[in-house]
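This report walks through selected features of one structure.

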Amino acid sequence: MAKPLSVLFVTSESLPYVKYGGVADVSYSLPLALRDLGHDMRIMLPKYGCVSERRNRIHEINRLRDVPIPVGSHSDPATIKSSSINNPRAKVQAYITTNNKYFDAKKGIYSDAKTGKPYPDNHERFIFFCRSVIETCLILGWFPDIIHCNDWQTALVPLMARTTFAKEFKKTKFVFTFHNINQQGEFSEKLFDLTGLPQKVKNDLIYKKMVNPVKGALIYSDYITTVSETYAKEILQDSKNTNDLNVLLLKYKKKYKGILNGIDTYSWDPKIDSLISKKLGNNFDDFKQANKKSLAFKTGLNYHDETPLIGMVTRLDEQKGVPLLTSAADKIFQEDIQMVILCDGSQEAKNELRDLSLKYPKKLKVRFGFDEPLAHLIEAGSDMFLMPSEYEPCGLNAMYSLAYGSVPIVRATGGLTEIVSDFNPETKTGNGITFKNYKSGELLSSIAKALNLFKNKELWDVLIQNGRSGDYSWSKSVIKYDEIYKIITKD
Ligand code: GLC
């Protein structure tokens with residue numbers, strides 16, 4: 001490669017520390033893939049109350065103890081700790097912002113685990129985090145070539161660096177990646193001063209009478225990316241799911257690109273996955289059967305070889321299409337199928353699914369919370385994997401499903417259209433089952449198509465093989481990030 005660049009990848013969640021959604025997978029796997037290309041990658045994230053310092057080998061660094069972090073007119077101390085993320089090929093330094101009031105005292109990442117409600121001071125928590133990123137660079141005297149921010153929680157970093165600290169960060173370029181532009185982190189205009197930003201940038205940050213960190217990041221970043229080409233295109237026409245920010249994005253089309261995520265092929269390889277019950281050897285059917293048995297046992301279902309088992313791992317956001325599933329549930333569960341759902345979200349959505357599982361105790365099992373081993377076992381042990389999303393920026397679970405021979409049934413939207421193609425029994429092409437319109441009738445027909453194919457072992461094997469033979473690694477996409485990094489640091 002040409003000149004390696006120094007890059008600080010800023011995120012609000014990353015594996016192995018903490019996960020709410022796919023951002024945590026990408027925040028782990030993309031920096032490692034970029035490190036593998038030769039860049040000096042480091043990541044930075046907050047330490048929430050649910051993260052164990054001992055288990056994750058997080059320790060103090062002398063220089064970064066009790067650093068005062070201003071939030072508006074007061075200040076609170078952050079101790080920035082050190083850790084690392086690794087896979088067998090690469091290792092990346094991690095800086096972890098710790099503070100009791102904003103992070104440690106709270107168990108959840110964004111919401112109170114008991115009520116499912118977002119913390120009322122989320123805006124303040126992430127202003128604090130963004131400022132801790134700046135202060136860390138200042139103390140270390142390290143001004144990376146690139147600061148790569150992800151989603152609204154990190155969106156104020158480019159604004160802070162480009163205004164108050166413009167001199168120090170004069171050489172640094174900024175990339176902003178959104179994983180869901182519907183989440184913009186807005187808060188009251190009256191609280192603008194908490195950001196510590198100069199009044200002259202206020203106009204760039206205020207949107208529809210609110211402070212809107214994402215709007216600011218779109219303006220102040222050198223490059224904007226999102227996590228698939230299709231989603232990048234779709235949202236340019238979508239004012240509903242962008243809060244009308246599509247208009248601003250259109251203006252920045254020249255510095256905007258969709259790049260499909262990849263997966264970490266060490267964590268998500270059924271041949272070496274230590275989180276599942278039986279690794280994949282020479283016989284796929286043995287692998288699937290053993291994991292299906294174990295999944296049924298762990299969740300309390302009776303195991304039946306010939307009954308298709310559908311898996312789902314999802315946040316209960318509207319985006320993910322759970323209402324489509326619940327409205328069609330009575331018809332779905334008339335079929336001879338079983339289903340396991342691992343999910344997290346609002347109490348209301350959880351209650352609805354719990355009620356459904358009580359109505360169909362022999363067919364549906366629901367588990368709540370973040371459970372990485374169970375997520376892996378669901379991919380390994382289910383025959384099919386359901387993602388009826390209303391919209392989907394990327395949809396990493398579809399890639400995991402394909403790699404683990406769990407046939408994805410998805411709505412063709414966003415990244416899912418690039419990952420999954422509809423199986424045609426005549427040409428024997430396609431790796432999953434897709435439907436076009438967000439309608440429960442179409443979901444039902446897709447499930448019916450899957451159940452029919454499942455009965456035809458010969459076709460089913462081809463369908464699974466088509467999925468398993470795909471390349472879902474970062475290899476192609478990481479080059480695109482590398483290109484963007486090079487373009488913006490050229491001058
Ligand atoms: C968000 C998106 C999802 C994507 C993930 C990682 O969770 O909803 O589609 O796969 O981010 O980019």
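This is a predicted model: local features need pLDDT of at least 70, side-chain atom pairs count only at pLDDT 80 or more; totals for chains, interfaces and linings use all residues.

In which loop is Arg57 found? Arg57 sits in the loop between strand 2 (40–46) and strand 3 (59–60).

**Loops**

Arg57 has a positive phi of about 50°. Arg57 takes this value although it is not a glycine.

The bond runs from Leu15 to Pro16, with omega near 0°. Pro16 belongs to the loop between strand 1 (6–10) and helix 1 (22–36).

What does Gly116 touch, not counting residues up to four places away in sequence? Its partners are Ser111, Gly345 and Ser346. Gly116 and Thr299 are 183 residues apart along the chain, and their C-alpha atoms are separated by 23 Å.

**Ligand site**

How many residues surround the ligand? There are 14, and the closest are His179, Asn261, Gln319, Glu392 and Cys394. Three of these residues are taken up here through their atoms facing ligand oxygen. Asn261 places a polar side-chain atom 2.8 Å from an oxygen atom of the ligand. For Glu392, an N or O atom in the side chain is 2.5 Å from a ligand oxygen atom. Cys394 uses its backbone instead: an N or O atom there lies 2.9 Å from an oxygen atom of the ligand.

**Helix packing**

The table gives their axes and angles.

| Helix pair | Axis distance | Angle |
|---|---|---|
| Helix 9 (284–299) and helix 12 (372–381) | within 8 Å | roughly 130° |
| Helix 1 and helix 17 (475–489) | 10 Å | about 70° |
| Helix 15 (440–455) and helix 16 (457–468) | 5 Å | about 115° |

Take helix 9 and helix 12, whose axes cross at roughly 130°. That angle makes helix 9 oblique to helix 12. The crossing is left-handed. Helix 9 contributes Phe287, Lys288, Asn291, Lys292, Ser294, Leu295 and Lys298 to the contact, while helix 12 brings Leu374, Leu377, Ile378, Glu379, Ala380 and Gly381. By class, the residues of this contact are 6 nonpolar, 3 polar and 4 charged.

Next come helix 1 and helix 17, packed at an angle of about 70°. The two helices are therefore roughly perpendicular to each other. Which residues of helix 1 meet helix 17? They are Leu30, Ala33 and Leu34, and they face Val478, Tyr481, Asp482 and Tyr485 in helix 17. The contact of helix 1 with helix 17 has 6 nonpolar residues, no polar ones and 1 charged.

From helix 15, the contact draws on Ala450, Leu453, Phe454 and Lys455. Helix 16 supplies Lys457, Leu459, Trp460 and Leu463. How does the contact of helix 15 with helix 16 divide by class? It has 6 nonpolar, no polar and 2 charged residues.

Definitions and conventions. Residues are numbered from 1 along each chain as its sequence is written. Side-chain values use heavy atoms; hydrogens and water are left out. Axes are lines fitted to C-alpha atoms, for helices over the stretch in contact, and angles run from 0 to 180 degrees between N-to-C directions. Helices (H or I, at least four residues) and strands (E, at least two) are DSSP runs, numbered from the N terminus. Angles under 35 degrees count as roughly parallel, over 145 as roughly antiparallel, 65 to 115 as roughly perpendicular and the rest as oblique. A crossing is left-handed if the near helix is turned anticlockwise from the far one by less than a right angle, and right-handed if clockwise. Contact means heavy atoms within 4.5 Å. Ala, Val, Leu, Ile, Met, Phe, Trp, Tyr, Cys and Pro count as nonpolar, Asp, Glu, Lys and Arg as charged, and the others, Gly among them, as polar. A residue is near a molecule or strand if one of its heavy atoms lies within 4 Å of it. A polar contact is a pair of N or O atoms within 3.5 Å; within protein, one must be able to donate a hydrogen and the other to accept it, and residues adjacent in sequence count only if both atoms are side-chain atoms.
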